[in-house]
Amino acid sequence: MPESNEQNAGCTCWSCPSVEFKGHVDFRACGQAAFSKAASGQLVVECKRRPDIGYFDPMSITYDTCPEWQKSQYGRLLKGMRVMILGMDGYLGWPLALKLASLGCHVFGIDNFVRRRLVAEKGSQSVLAISSMEERVRVANERLSGTIEFQEMDLLDRKKFFPYMKETRPESIIQFAEIPSAPYSMADVDKAAHTIENNVLGTLGLTFAMRDHAPEASLIKLGTMGEYGSPLTGRPLFEGLFPGDATLQYKGQEWSLGGELTPRDPVSFYHVSKVQGTFSVYEACKYWWLRSYDVMQGVIYGNSTPELDLDPALNTRFDIDEWWGTVINRFVAQTAIGEPMTIYGSGNQLRGYITLSDAIQCIVRLVGLPPEPGQYDVVNQLTDVFSVRHLAETVARIGKHEFNLDPMIQRLENPRVEAEDHPYEVIHEKLENNFGFKSESNLDDEIRNIFRAILEPAAKQRIEEQRKLLFPTTRWSGEKQEMKVLETIKPAA
Amino acid sequence: MTRTFLLGIDGLPSWMWRKFADSGVMPYSAELLKTGVLASMESALPEVSSAAWASIVTGQDPSGHNVYGFTDLIDGTYSLGFTSARTLKAKPFWQEDDGRRNLIINVPQSYPAQPLNGALISGFLALDLERAVFPPENVAGLQEMGYRIDADMTTINESKDLFLENIHQVLDTRFEAFSTLWDAEPWDQIMFVITGTDRLNHYLWEDYQDTSSPYHQKFLDFYSHVDRIIEQIMAKLPDETDLAVMADHGFEHQEMSVNVNYLLREHGFLSLKDSPRPAYTQMTPQTKAFAMDPGRLYLHRKDRYPHGTLDNDAAELAAEELTTLFLGLEVEGKKLVDRVLRGRDIYHGPFAHRAPDLILMAAEGIALSGRMNLEHLIEPVLINGKHTFENSTFFARGLTAGDLPETMRVQDVLSVLKMEKQQRIAA
């Protein structure tokens, strides 16, 4: 059995992105070659990193016997692995770049800074001050063993992006370059169209760029648990594809559903864009033998990773307003300045959650264990399921007892169209079982980390400056009237 | 300076060429054969195309050029590697620094294309056209004309007609590409190889033998097509050019393909871990011997393999046991092996240390497979023709039998044609 951080030790060159498929060969009749990956015969590949070993059977070399796959904190990674992060300036993109660089990777990042622009247009700002990308990269390259390179570029600018893909020859590609806000996508038609255009066309173009210039790279595409919705039947939320023993019964007949995509039931136009991305990637894997993990990520929270904590110049952004903040981050910020935590409707909505640092670990593990050519797979990336009310109560408990604050909770009219009381059974086994993921953080500790960071005077001041923007105004219905307060609760001691 | 044209016809037995020439299937060959000597040639050991063509173009046996088959284990590992121009450790004649300009078309084992004085299009096993061509500027033109390195062998699974159509088409396109280069480029040495004959012999040998088969005439028709290519070459080739025609091995009917690794496991020489995908990497230290195509046996020596356990004495004992075993084995009442050769007796070149320990010389009609998929002792295959060590073809215009060694072998071709480096310098 491999060590717990050696889940990929037994993987073979067939899944290695450094290996180029050359053909199938039938040696029984003088080495006749066929070039389709679907053909039969002996697989033949060439290693771009080790051309000296010639052409070989990819199944006959494993990562633990290849000098290019070296041990790291989270399983084996290719030496100086070339990883492209699309959307590297984002909340998740930047700490991932730091983590990969700390593990010796060569990171190529692009971003069009749309997030910085949209946050500014909203009138809000990152609670933790963030440096310019130039400064971030400079400090990171001084402090970490790997290398980070950055280019300002829009993924939709295909005339620039395709040559960049060709030039950088990534072995893994992380698609984070998407507008990540459900309420922004519901605010008006322009914002909905902006979200759809950026996310859908960006991912679509990416698949073509990979087909043409990096067909062996593995694509890690960020989806969201919100793609599934929350079925009222209580059907478990499988990891993207039905398990092998799933069946459908109808009019006395039974069909297998094993391996088929599970239903998607998006809950905003942002989530619609993510579902469209799922289908684009799924199809590209089928048509062109690309390979991808679609990551259905729970709601992310936190501000801390070992690399972010090295230097304030390396801060990742931390947004809290109604459009760009996530729920736990916003609750802590509201409590920090004496505002009530705003929960929508009953507050019984159940969702999956994961800390920033655990999410980064998951992505690194996915980078290290690429899918096989043509393989599309899905992981549900979360560690816990909480109700919104439970989150508010947890923030209240820690804020009150450990930071001497006076937390309040306000129930508001729900601006969204969603079930407030519903079953929610999420299957999330693959990351732990197949990729060796082990959570290294938890809700309470992460809330403490956030409190410590944002109670610093400068951060607190930046929350104060956007106090009014913490209250929701965007209704899914399009109506403009202010959200009514249903109840104000003082949490129990 | 004499110019030289080498025409390769993969898998053409000498007796068959003579027969087709005499019977009118290949009338232009009949004319050509009047102008020189036709001999029966021995193939390489083992009689596999990659090794044999490498011998023809380097003048070395496998221990001199390092190609023993299409597959080999990567040194010091159990990883299965595939031989290529990078494996070839002896210089092919077109790589000699002698100022001669070469046109080299479809010679096996020349992929990926290496720079040379002239132009080259690799033959099988070339894995993409882009890296099979030198100079690279020629790639676009070849793509445009639909050049294929090899026929689409998946067609044989659908129908013999599609397969035949495909090998005719590939031959036409190949000759068109060659003719274009021939017209455009200065040259001193040309080597042009036809491979459709080998593919045809593998899959339609039963139709050749069965004169009542609807595909019998179609089998002959392909050879007539080859003959028309010979006609066109003859018409264009200056008389004073040295001309030779050769094949890499002979051919005969294939009765069955027997999996040697299956037998080795059955007789306790090969031990594999349980695995859904049996492979050399799954061999346990208990393994004493394993096989690779075609009929190559390797002893699991401790000084050669990571988990090998046999010292010299144990290896000697295992070699004797295997020799006795295979000489006595029968499958379905049919003898498998005529002779068992010892690697140390036949290989003496600089790469002899990489040679198989034993070569099983298959009996008539028997193909010896080294596959590691051990599901079947007798493998289910569509192939019904197989290579032979004997009866390959060598023809040289203007030479007589007296100009050839008593036993003509593939590694003698260059010396007979005075193309070996030393001889050229002397000349």
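Two exercises on a predicted model follow, each with a worked solution.

Local features require pLDDT of at least 70, and side-chain atom pairs count only at pLDDT 80 or more, whereas totals for chains, interfaces and linings use all residues. Residues are numbered from 1 along each chain as its sequence is written, chains are lettered from A in the order in which they are written, and side-chain values use heavy atoms, without hydrogens and water.

**Exercise 1.** Describe how helices H8 and H10 of chain A meet.

*Solution.* Step 1: locate the helices (DSSP runs of H or I, at least four residues, numbered from the N terminus). H8(A) covers residues 327-336 and H10(A) covers residues 388-403.
Step 2: compare the axes, which are lines fitted to C-alpha atoms over the stretch in contact, with angles from 0 to 180 degrees between N-to-C directions. They come within 10 Å and cross at roughly 40°.
Step 3: list the contacts (heavy atoms within 4.5 Å). A:Val327, A:Ile328, A:Phe331, A:Val332 and A:Thr335 of H8(A) meet A:Val388, A:Leu391, A:Ala392 and A:Val395 of H10(A).

**Exercise 2.** Determine the strand order of the open sheet of 4 strands in chain B, and identify its edges.

*Solution.* Step 1: find the strands (DSSP runs of E, at least two residues) and their pairs (at least two DSSP bridges). The order is E12-E13-E17-E16, with antiparallel pairing.
Step 2: examine one pair. E13(B), residues 296-299, and E17(B), residues 358-362, share 2 bridges; B:Leu297 stands opposite B:Leu358.
Step 3: identify the edges. E12(B) and E16(B) each have a single partner strand, so one side of each lacks a neighbour in the sheet.
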